[in-house]
Amino acid sequence: GPWGGAPMGKPSMMVKAGSTVEINWVKNLNHYNPTAPGNFSLFGINQGMRSPLLYSVPDTNTPSLTPYHTNITVPGFAMPGTYQLQLVYYTGRGFNFFQCADVQVTSAAWETVKEEGNTDSAPMMMFDHNNM
């Protein structure tokens, strides 16, 4: 897929279906196009199937390295399993950037899976030119 075809890794977090999750990302480079503004759009992917749009925010002329964040509600009907969150930066310039994070949806209480040295409560996504 557009996330580089890499196999799914260890989930960076676990979430309960129906819970609210904070998502953070960084606009690595400003590709704002005033004649055709793009957007940042968030989707879930399970077994190769893309969910309906979970969240979208218009691109604006913010500088490179601008942090963004939002809260989303994991759909209550989501089946337990491993999913990918896919954030797409539609630039409006004929090219897009993709970034993904692996998450585990469970019926257990929301819990963060922390990697060694990671104190973040939500996956951080950063766009770069290697994830086109």
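The model is a predicted one, so please read every value below as computed from it. The protein chain has 0 helices and 9 strands, and 40% of its 132 residues count as buried.

**Overall fold**

- Read from one end of the sequence to the other, the pattern of the protein chain is β-β-β-β-β-β-β-β-β.
- One example of chain segments coming together is T20 and V74, which are 54 residues apart along the chain and have C-alpha atoms separated by 6.2 Å.
- T20 itself lies in strand β2, and T20 touches N71, I72 and T73 when residues up to four places away in sequence are not counted.

**The largest pocket**

- The largest pocket holds about 350 Å³ of space.
- Its lining is made up of 22 residues, and those nearest the centre of the pocket are G44, S51, P75, A78 and Y83.
- What is the make-up of this lining in nonpolar, polar and charged residues? The lining divides into 18 nonpolar residues, 3 polar ones and 1 charged one.
- Several strands share in building the lining, with at least two residues each from β1 (13-16), β2 (20-27), β3 (39-46), β4 (49-50), β7 (81-90) and β8 (96-106).
- The strand that gives the most to the lining is β3, with 3 residues.

**Aromatic pairs**

- How many aromatic pairs does a search of the whole structure find? The search finds 7 of them.
- W25 and Y55 form an edge-to-face pair, because their ring planes meet at 65°, above the 60 degrees required; the ring centres are 6.3 Å apart.
- This pair links distant parts of the chain, with W25 in strand β2 and Y55 in strand β5 (residues 55-58), 30 residues apart.
- Is W25 buried or exposed? W25 counts as buried, at 1% relative accessibility.
- F40 and Y68 form a tilted aromatic pair, with 4.9 Å from centre to centre and 45° between the planes.
- Here too distant parts of the chain are linked: F40 belongs to strand β3 and Y68 to strand β6, 28 residues apart.
- F40 is buried, with a relative accessible area of 0%, and Y68 also counts as buried, at 13% relative accessibility.
- Ring pairs join W25, F40, Y55, Y68, Y89, F95 and F97 into a cluster, so both of the pairs described above can be viewed as parts of it.

- T70 is found in strand β6 (residues 66-73).
- Why does T70 count as buried? Its relative accessibility is 9%, and buried means under 20%.
- Leaving aside residues up to four places away in sequence, T70 touches V21, E22, I23, W25 and Y55.
- Those contacts include both members of the edge-to-face pair, W25 and Y55.

**A charge over a ring**

- R50 lies over the face of F43, at 3.7 Å from the ring centre.

**Loop residues with positive phi**

- Where is Q47 found? Q47 is in the loop between β3 and β4.
- Q47 has a positive phi of about 50° although it is not a glycine.
- Q47 counts as exposed, at 76% relative accessibility, because the cut-off for exposed is over 50%.
- L65 is another residue other than glycine with a positive phi, near 70°.
- L65 is found in the loop between β5 and β6, and at 54% relative accessibility L65 counts as exposed.

How values were computed. Residues are numbered from 1 along each chain as its sequence is written. This is a predicted model: local features need pLDDT of at least 70, side-chain atom pairs count only at pLDDT 80 or more; totals for chains, interfaces and linings use all residues. Side-chain values use heavy atoms; hydrogens and water are left out. On a 1 Å grid over the protein atoms alone, a cavity is a set of points where a 1.4 Å probe fits but cannot get out, and a pocket is an open set with protein on both sides within 12 Å along at least five of seven lines; lining residues have an atom within 4 Å of a point. Grid points are joined across faces, edges and corners, and a volume is the space filled by probe spheres set on the points. Helices (H or I, at least four residues) and strands (E, at least two) are DSSP runs, numbered from the N terminus. Ala, Val, Leu, Ile, Met, Phe, Trp, Tyr, Cys and Pro count as nonpolar, Asp, Glu, Lys and Arg as charged, and the others, Gly among them, as polar. Buried means under 20% relative accessible area, exposed over 50%, partly exposed in between (1.4 Å probe, protein chains only). Contact means heavy atoms within 4.5 Å. Rings of Phe, Tyr and Trp (its six-membered ring) pair if their centres lie within 6.5 Å; planes under 30 degrees apart count as stacked, over 60 as edge-to-face and the rest as tilted. A charge sits over a ring if NZ of Lys or CZ of Arg is within 6 Å of the ring centre and within 35 degrees of the ring normal.
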